[in-house]
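Have a look at the structure first, then read on.

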Amino acid sequence: MIPFQPGTETGGATKFNKETKMKTILAATSALALVAGGAVAEELNIYNWGNYTNPKLIEKFEAETGIDVTITDYDSNDTALAKVKAGGHGFDIVVPSNSYVPIWISEGLLLESRPDQMENFENVDPQWVDVEWDPGRHYTVPWQWGSTGVVVNTKYYDGDIDTSAIFMDPPDELVGKINVVPEMGDVMGLAIMYYGGERCTDDMELLKKVRDGLVEAKKKWLGMDYGNIEKFAKEDLWAGVNWNGSTFRMRLANEDIAYGYPKEGYPLWMDSVAVLKDAQNPEAAKAFQNFIMEPENAALISEFARYANGIKGSEEFMPEDMMSAREIVIPEDLKAAGKFMKTCSPETQQIYTRIWTDLQK
Amino acid sequence: MSDATASPTAPGELEAEALRQDHRTRWLMSLPAIAIILCAAAGPLMVMVVYSFLAPGDYGNVKWEFSTEGWVSVLLQRDIFDGTLAWADAHLSIFWRSLSLSLITTVVTLLIGVPTAWFIATRPDGKREFWLFLITVPFWTNLLVRTIAIQELIRAEGVINLILLKIGLIQEPIQMMFTNFAIGFGMSYVYLPLMVLPVYAAVEKLDFRLVEAAHDLYASRWKAFRLIILPLIKPGVIAGSILVFIPSLGAYVTPRVLGGGKNLMFGNLIELQFGQGRNWPLGAALSLTLMVAVMIALIFYVRATSRETHNG
Amino acid sequence: MAETSLPATPESAAAAAPRGRAYNARTLPGFATVAICAFVIIYAPIIILVVFSFNAGTTLAIWEGFSLRWYAQAAANEQVQGAAIRSLYLAGSAATIATVAATMAALATTRTRRFPGRTMIYALINQPLMVPEIVTAVALLIVFAWVKVATGHNSMIYLIAAHTAFCIPFAYLPIRARLETMDMTLEVAASDLYASKKQVFTKITLPLLMPGIIAGYMLAFVISLDDVVITEFVKSAGQDTLPTYMLGQLRRVVTPEVNAISTVILLAGAILVSLFFWFSRGRE
């Protein structure tokens, strides 16, 4: 579904050396052992973001374990949370974003599957082990992570693109050609950091600046929409707020497009695989968690949706073009500006919703 | 009328009994539809009534504490910065936007839909169903793919601009993408079958001898149409207008994709409360307000327009 | 393909009209032109949709040459096939049940004096129209989840029930409109000729009502086929339909795969239409 670079598949195949074959067999047997150990588990119901799961990954998992996988899609963290909370859903695995993981845990919806004790856990990049939202990884396994930054078509603007000013105070060249993704958390995060605030701030003076700034800036935007790869590639849109992986795909379609990391601060996010407490097939679900910590399998995840994963050694199996892409590899000097989004307090969330409504009224 | 308390004289008794019998049959026949709706639509909505009087949960859902905050904030909201209580102008302006969009959509689909339905209904016997199919088959495709295809028509380098440029009507491409025109066009497109089919069902039955008589009576065809035909096909037109107007009040996929999503529709506003906004009671109150308003309007409308036929 | 069978200029259509009299009451000035324009406009995006299903590129809007890759991909993607089949199955069942229920209700609530509860029945039947989908969706999520947990049963029945419920008004209104324009002369005449109630219904009422029923069925079918929000909230594991599958794609990238599937469904529709047309002509 994603534009594979011509060399990708053959490249992957040649890298498929003996060592990895051994690893695969080991992984397969360990997964099988898990399966055999638990109840008769031959099914696995994964509830994931749409167009996010590489069919090749699933085929490989099915071939290695004999578990029959069904994928069902969701389109927002809130829908997934509401559905699972209501119960009777039939899912085993869910893939929430980092800012939602604490909610899932505190609501008692996740099984403490202890990925940190699983065989492949050693492959997890140490920087993703003691994470704010799941210290020590007792519940979740990294799936993919990325950032929300700005996108600019450099044909129309060649100034500094590593700034939120691109959409908060757009240069004249870009006025009227800007699109901002309608993602409340990301846009509020960017705007708050643009005015020097902290994540989840409840500093009303600052928030007033944020609201007035956003309302004023919106007059210079053309849209607030998703799914704009074509419109950017065809130059109906020239700049805006976007996710890194999606911008990567835009650049593959139009080489003038560039991704900027706002130096004022930008949101980072990581989607993580968790097992549900009321899972019907917890053993199969754990086997899947272990499976995707295998570098080769993690690479399959990234190859498909074009975001980085958190597994060491997966680079080796990834498409060439992803290794050096600015969208995937954050420049050293801008790394510090990236902040993982948090779960804000309910009161703060209410204020943000009001600002968001005012923005779109 | 339904006189269960008719005097006990024999003929009256019989008639009343027959009437009761008739009402029972009518209720029984309506029962399956009512039962399904009660189980899978109207009944579960009671949950929303309850939720609208509770406090919002911390992370979506509700807390089981009584609160009228949801209802109050439909119309009145405390300013988040200076704390003054004021009209919730954001809600009102969003509602107004949805209302005017629905009105425009209804008018446009009427103007296009009635002639189209007329055209289909006047095809020869056995060919009408073919034309009906022809107008519904495009809607078997996916709404989103269809909407994206519409966008392709109206973009700067889209088909419409290309044609207009070619025939020299315009010199520069017109910006149609992400405009109100795009929303109106898309909504009318999406809701057209909802107008055509009910109108068709009414026109198809039209007694054309009446129409001819009308033409003899009135010199102009327009006058004949207005005075004779329109009253005859009115039930279809009413049904079509209801089917277009009400759902378009809550529509949001099409306005969002074609309008670029800069402005919320009422449907989005409600969705926001159940989603990222995590204010379910407000969402419930907003939607119940909409439902009650529409229902009152509809009942009033039906009482005013439905024919009281009895035994033709 | 459907759009190739778009014949009939206004002239030929008028010529084909039956009961040709010197003065044709069936044609109104401008109506045919508007109708033809409507058909052209309706099919224009559909043509684009079909064309891009053959796109060699990965997007819905950037043409990169002819290819069948999306058909191949759709053919290999069980998830999207399952979703398409599920959509059709759901729309078929929901529209059928809804039309039967709506027809009965329409017969009961029209051509009569006002009777106690008639307005209530009418309001109830139209209720699913009145609330934005998201609200019904959340309410159904909560209530159906109770049932699912209590019974441990989560088959398609919930989706069918939900779809049937919101399809009923869409089927009911055209049928009711049809009934209201039908007077009872023929039926009364038949009863006077000692036809049984059943005979009157099957031989007179039902055939007269048929165009309304067909219109209602088609509407219900299309409405069910397009539904996203309610399905998204009611579905259990493995119950994605084509629209919910698409919704998931929207945030990332929408590929022409769904165009390919839509084209196949269109083609099936076109074949169905042709068969229908062919049979009805054979019958005459």
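Helices (H or I, at least four residues) and strands (E, at least two) are DSSP runs, numbered from the N terminus. What you're looking at is a predicted model, where local features need pLDDT of at least 70, side-chain atom pairs count only at pLDDT 80 or more, and totals for chains, interfaces and linings use all residues. Residues are numbered from 1 along each chain as its sequence is written, while chains are lettered from A and ligands numbered from 1 in the order in which they are written. The model scores ipTM 0.81 and pTM 0.82.

**Chain C at a glance**

- Chain C has 12 helices and zero strands.
- Of the 284 residues in chain C, 55% are buried (20 or more other C-beta atoms within 10 Å of a residue's own; 12 or fewer makes it exposed, anything in between partly exposed, with C-beta atoms placed from the backbone).
- Take the contacts in chain C between residues at least 6 apart in sequence: 76% of them join residues at least 24 apart. A contact here means that the C-beta atoms of two residues, placed from the backbone, lie within 7 Å.

**How confident is the prediction in chain C?**

- Chain C has a mean pLDDT of 81, with 88% of its residues at 70 or more; pLDDT is the predictor's confidence in each residue, from 0 to 100.
- Confidence in chain C is lowest in helix α1 (residues 10–16), at a mean of 41, and highest in helix α4 (residues 78–109), at 92.
- Residues 1–22 of chain C have pLDDT below 50, and this stretch has 27 contacts in the model beyond near neighbours in sequence.

**Where chain C meets chain A**

- The contact involves 33 residues of chain C and 33 residues of chain A.
- On the chain C side, α6 (133–151), α10 (229–234) and α11 (242–250) each supply at least two residues.
- α11(C) gives the most to that side, with six residues.
- The chain C side splits into 14 nonpolar, 12 polar and seven charged residues. For these classes, Ala, Val, Leu, Ile, Met, Phe, Trp, Tyr, Cys and Pro count as nonpolar, Asp, Glu, Lys and Arg as charged, and the others, Gly among them, as polar.

**Inside chain A**

- Chain A is assigned domain 1 (8–145 + 270–323) and domain 2 (146–268 + 331–360); such bounds come from an automatic or database domain assignment.
- Where the two domains of chain A touch, 11 residues come from domain 1 and 10 residues from domain 2.
- Strand β1 (residues 43–49) of chain A runs parallel to β2(A), and seven bridges join them; strands pair if DSSP finds at least two bridges between them.
- Within this pair, E43(A) stands opposite D68(A) in β2(A).
- Strand β2 (residues 68–74) of chain A is mostly covered, with six of its seven residues buried.
- Together, β1(A), helix α3 (residues 55–65) of chain A and β2(A) make a right-handed β-α-β unit. Right-handed means that, with the strands pointing away from the viewer, the path from the first strand over the helix to the second runs clockwise.

**Two residues with positive phi**

- C200(A) isn't a glycine, yet its phi is positive, near 60 degrees.
- C200(A) sits in the loop between α7 (184–194) and α8 (204–218) of chain A, and it counts as partly exposed because it has 18 C-beta neighbours inside 10 Å.
- F178(B), also not a glycine, has a positive phi of about 65 degrees.
- F178(B) lies in the loop between α6 (159–166) and α7 (180–203) of chain B. Is F178(B) buried or exposed? F178(B) is buried, because 26 other C-beta atoms lie within 10 Å.
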